[in-house]
Amino acid sequence: MSVYSSLTHALAEALVDVLWFIEGSEDDQMDPDDSVKVLEGVAHLVSKLSSDQRSELIDLLGAMAEAESDPARREFLEGFPEGFGLVDDAV
């Protein structure tokens with residue numbers, strides 16, 4: 001039996017893991033220009049999600065943040081919706 005409740009949850013965990021790695025990488029680990037391209041690419045992709053999909057991902061990220069024991073990673077998860085354009089700045 002899977003440790004994830006859904007495919008969406010598993011993919012969200014994988015996405016966060018990759019972005020967390022990129023965000024924390026030093027310049028000698030990953031080219032900064034490549035890092036920016038990946039982060040901007042993800043922001044563009046999530047900007048194309050439907051309202052329902054955005055809500056689902058935001059809820060999932062919130063649950064992941066609540067369950068996270070690493071304070072730095074929890075902060076990353078809590079900031080993900082705004083940082084990657086899932087929520088409007090005006091809200």
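This is a predicted model: local features need pLDDT of at least 70, side-chain atom pairs count only at pLDDT 80 or more; totals for chains, interfaces and linings use all residues.

Student: Why does the radius of gyration agree with a compact globule?

Tutor: A compact globule with 91 residues would have a radius of gyration near 12 Å. The chain's own value agrees with that, and it is 14 Å.

Student: How much of the chain counts as buried?

Tutor: For a residue, buried means under 20% relative accessible area. Out of the 91 residues in the chain, the buried share is 27%.

Student: And how many side chains are negative?

Tutor: The positive side chains number 5, and the centres of the positive and negative sets lie 5 Å apart. The count of negative side chains is 21.

Student: Let's zoom in. Is Val16 buried or exposed?

Tutor: Val16 belongs to helix α1. The cut-off for buried is under 20%. Val16 has a relative accessibility of 1%, so Val16 is buried.

Student: How far is Val16 from Leu61, C-alpha to C-alpha?

Tutor: Setting aside neighbours within four places in sequence, Val16 is in contact with several residues, including Leu61, Met64 and Phe76. Val16 and Leu61 are 45 residues apart in sequence. In space, their C-alpha atoms are separated by 8.9 Å.

Student: Which side chain is joined to that of Arg73 by a polar contact of 2.6 Å?

Tutor: Arg73 lies in helix α4, residues 71–83. With a relative accessible area of 11%, Arg73 is buried. Beyond its neighbours within four places in sequence, Arg73 is in contact with Glu13, Val16, Asp17, Trp20 and Glu68. The partner in that 2.6 Å polar contact is Asp17.

Student: What about Ser35? Which residues is Ser35 in contact with, leaving aside neighbours within four places in sequence?

Tutor: Look in helix α2, residues 32–47, to find Ser35. Its relative accessibility is 10%, so Ser35 counts as buried. Its contacts, with those neighbours left out, are Ile22 and Met30.

Student: Where does the side chain of Gln29 reach at 2.8 Å?

Tutor: Gln29 sits in the loop between α1 (7–24) and α2. It has a relative accessible area of 49%, so Gln29 is partly exposed. At 2.8 Å, its side chain reaches the backbone nitrogen of Glu26.

Student: Last one! How far apart are the C-alpha atoms of Glu56 and His9?

Tutor: Glu56 is in helix α3, residues 51–67. At 39% relative accessibility, Glu56 counts as partly exposed. Along the chain, Glu56 and His9 are 47 residues apart. Their C-alpha atoms are separated by 9.6 Å.

Notes. Residues are numbered from 1 along each chain as its sequence is written. Side-chain values use heavy atoms; hydrogens and water are left out. The radius of gyration is taken over C-alpha atoms; the globule rule is 2.2 Å times the number of residues to the power 0.38. Buried means under 20% relative accessible area, exposed over 50%, partly exposed in between (1.4 Å probe, protein chains only). Lys and Arg count as positive and Asp and Glu as negative; His and the chain ends are not counted. The place of a charge is taken as NZ of Lys, CZ of Arg, CG of Asp or CD of Glu. Helices (H or I, at least four residues) and strands (E, at least two) are DSSP runs, numbered from the N terminus. Contact means heavy atoms within 4.5 Å. A polar contact is a pair of N or O atoms within 3.5 Å; within protein, one must be able to donate a hydrogen and the other to accept it, and residues adjacent in sequence count only if both atoms are side-chain atoms.
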